[in-house]
Every structure is written in structure tokens, then in C-alpha cells.
Amino acid sequence: MVQTEIAIRPLGPFSWAAADAVGRNFGPLRHNWQEAGKVRMTFLLDGTFTPVRVDLRFENGALRGEVAGSDDVPMVERQVARIFSLDVDATDYPAVGSRDAAVGRLLEALPGLRPVCFTSPYETATWAVISQRISMRQAAAIKARLIAEHGHPLTLDGIDVRCFPGPERLLQVGAVPGLAAEKVERLHGVARAALAGLLDCDGLRALGDEAGPASVRVIPGIGPFWASGIYLRGCGIQDVFPDEPIAIAALGRLHGLGDEPSQEQVARLVETYSPFRMWVCFLLRVAAGRGLIEGVAGKEMELRRRHRPKS
């Protein structure tokens, strides 16, 4: 098995400590955080679904990693950069805080925070299916079980870990403890969609901000919310502010507009955040979760119910 190294130097503000704190508490990625100061990340390589492992550390101004599983080092580096939003030159990101003082205070409170994304649109879609109508803790446990029982084994420096099962392997999975039979069938639908190319990151990016999310709505179990999530957080999109209830509530509270600001108010505010609108959305979500925006923390389920379109 080929082993080599990657090194990604951030352009603009970046805090590995901030990314580490998010990853350790982000259910879809939490299994990669196995020891302090070092991340053993596994993912399926874009396009080929080759299982890859990268042992990450931040050292001498760069995110560095030892790679196992693939000799396509540029592709591995590109995907790691996307996961941690290091594929973007963020030199001008602090200027967003100059245009909106309230957001500027959050940038000061959470310095160097960038979006931490899913490893791929495929894994985003599987998480969308697994996590529906259950807690993030339950979903994380089910994902960890899938990896342990059906994942691809990878070894680096004598240490074995497993990668989330690729589409072909996922199609062979029958019953999953804790997961309803309907969800297993929907996971099979995600696997078939991935094999058909519907969850290709470059393909979704090329479709753009409207057609990209719309294209994955054909997958059973993927509604508007997760179609947006697959596109934005699976592909690492930089400049879209989604119709996301927690971020919108946080935006409204931050500007004294309550937790249900009007569409016009939201549009007026987020226009000033370009070209980092998705980054500000992520900043708002993290800030709300940490109690930095009064009146939002702990209200996710309530806000989602209120936000659900009426039939």
C-alpha cells in the first residue's frame, strides 16, 4: 500500500484548533477523531470511491497528512482541502466583518473558523438517510456500526481503521441494527445514485446552485433540506446562504429581528456577505450552538418544525 504525504497551506485566516473542535462534535465525522492532536480521517476518493486514510496534523503553518490507500496524491490533497475549506483563498474573509459589525464580533469570537464539510456528496446523502427522525447521537452510532461491520480496512504504520463502505459494498448490506428496513432500502438508493454519477462532486458543482440540488431530489428520501445539504456541505460551496432555519434564526437574533426574519430582511443582510455567504451561515450555526447568539441554542427541533412548509 502506497504511503506518502500531503501539505496544504491556508490562504487567509485558519485555525486548526477551531476545525478540530467542530469535527469532534460533528456526528458524521466524529469517528475520525480518535486521539487528541491527530485525526485519522478515512473517506472515499471522489470519482473512483477508492478508500483512503489520511493521518492529519497541523504543523509549521500547514495541514499535513500521511496518506494510505491511493497514490493519487493530488486528488487526496484536493479532497482534504475541500473538507476543511482550505481550497478557498480567505484573505478577504475578514472584510465581511467590516461590512457587518455584528458578524465581525462573531469572527473575533471564533477566529480562523472555516466550514468543516462532509467528506463527499455520497457520504452526505447516506447521513441524510440515516439521521432522519433520530438524534445525531443515534445516527453517529449507526454510522460507526456500518463502518465497523462493512467498511473497507486500511492500515497505516501498523494501525488498522475502516472507511465507510463504498456504493457497491453498501448495496450488499442487508439489515442494520437500529435502522429501519425502509432506511436500508433508501441507502441502497443512494448507492445506486452514486454509481450512476448523480453524486459526483465536480458534476454537481458544474450544474450550479439551482440545478445541482435539484438533481439529487430524484433519490428516494432526499427532500429539499438535504438536497441543499448534499450540494453545499458535500461539495464545499462557498457563496450560497441556504434556507436553513437555525442559521436564519441566528441571523435574525443577531440583528434584533427575532428568530423568523422576513425573506426580504434575510436577502438584504446576506447580500453583504458575498463571496462568503455559506461561510457566514456556518459561522452563525456554530455561534448559535455555543450560546454566542441569545435565544437560538437548544431550539433546533422547534425551529425546524416551524420552518417546515405547510402542505
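S85 sits in the loop that runs between α2 (73–83) and α3 (95–99); helices here are DSSP runs of H or I with at least four residues, strands are runs of E with at least two, and both are numbered from the N terminus. The model is a predicted one, in which local features need pLDDT of at least 70 and side-chain atom pairs count only at pLDDT 80 or more, while totals for chains, interfaces and linings use all residues. Residues are numbered from 1 along each chain as its sequence is written, and side-chain values use heavy atoms, with hydrogens and water left out.

To stay with S85 for a moment, this residue has a positive phi of about 55 degrees although it is not a glycine. S85 counts as buried because its relative accessibility is 5%; buried means under 20% relative accessible area, exposed means over 50%, and partly exposed lies in between, with a 1.4 Å probe and protein chains only. The helix that S85 follows is α2, and in α2 the buried residues include V73, V76, V80 and I83 as well as Q79 and R82.

With a relative accessibility of 22%, F49 counts as partly exposed. Another loop, between α12 (263–271) and α13 (277–289), holds P275. A cis peptide bond with an omega of about 10 degrees joins S274 to P275.

What does S120 touch, leaving out residues up to four places away in sequence? The contacts of S120 are D46, Q79, R82 and G234, where contact means heavy atoms within 4.5 Å. S120 lies in the loop between α4 (101–109) and α5, and is buried, with a relative accessible area of 5%.

Axes are lines fitted to C-alpha atoms, for helices over the stretch in contact, and angles run from 0 to 180 degrees between N-to-C directions. On the α5 side the contact is made by P121, T124, A125, W127, A128 and S131, and on the α10 side by W226, G229, I230, G234 and C235. By class, these residues divide into seven nonpolar, four polar and no charged. Here Ala, Val, Leu, Ile, Met, Phe, Trp, Tyr, Cys and Pro count as nonpolar, Asp, Glu, Lys and Arg as charged, and the others, Gly among them, as polar.

α5 also packs against helix α6 (residues 136–150), at an angle of about 125 degrees and with the axes 9 Å apart. α5 is thus oblique to α6. E123, W127, I130 and S131 of α5 meet M136, A139, A140, I142, K143 and L146 of α6, a contact with seven nonpolar, one polar and two charged residues. M136 and A140 are also touched by R30, which is placed in the loop between α1 (16–24) and β2 (39–44). R30 is partly exposed, with a relative accessible area of 31%.

A further helix, α9 (residues 201–215), packs with α10 (residues 224–235) at about 135 degrees, and their axes are 10 Å apart. These two helices are therefore oblique to each other. C201, L204, R205, G208, D209, G212 and P213 of α9 meet A227, S228, I230, Y231, G234 and C235 of α10, which gives seven nonpolar, four polar and two charged residues.

Finally, the largest nonpolar core has 102 residues, and V80, F84 and L199 have the most contacts inside it. Such a core is a set of buried Ala, Val, Leu, Ile, Met, Phe, Trp, Tyr and Cys residues joined through side-chain atoms within 4.5 Å. The largest share of this core, 10 residues, comes from α13. Not counting residues up to four places away in sequence, L199 touches residues that include P121, A125, L204 and I230.

Terms used: Angles under 35 degrees count as roughly parallel, over 145 as roughly antiparallel, 65 to 115 as roughly perpendicular and the rest as oblique.
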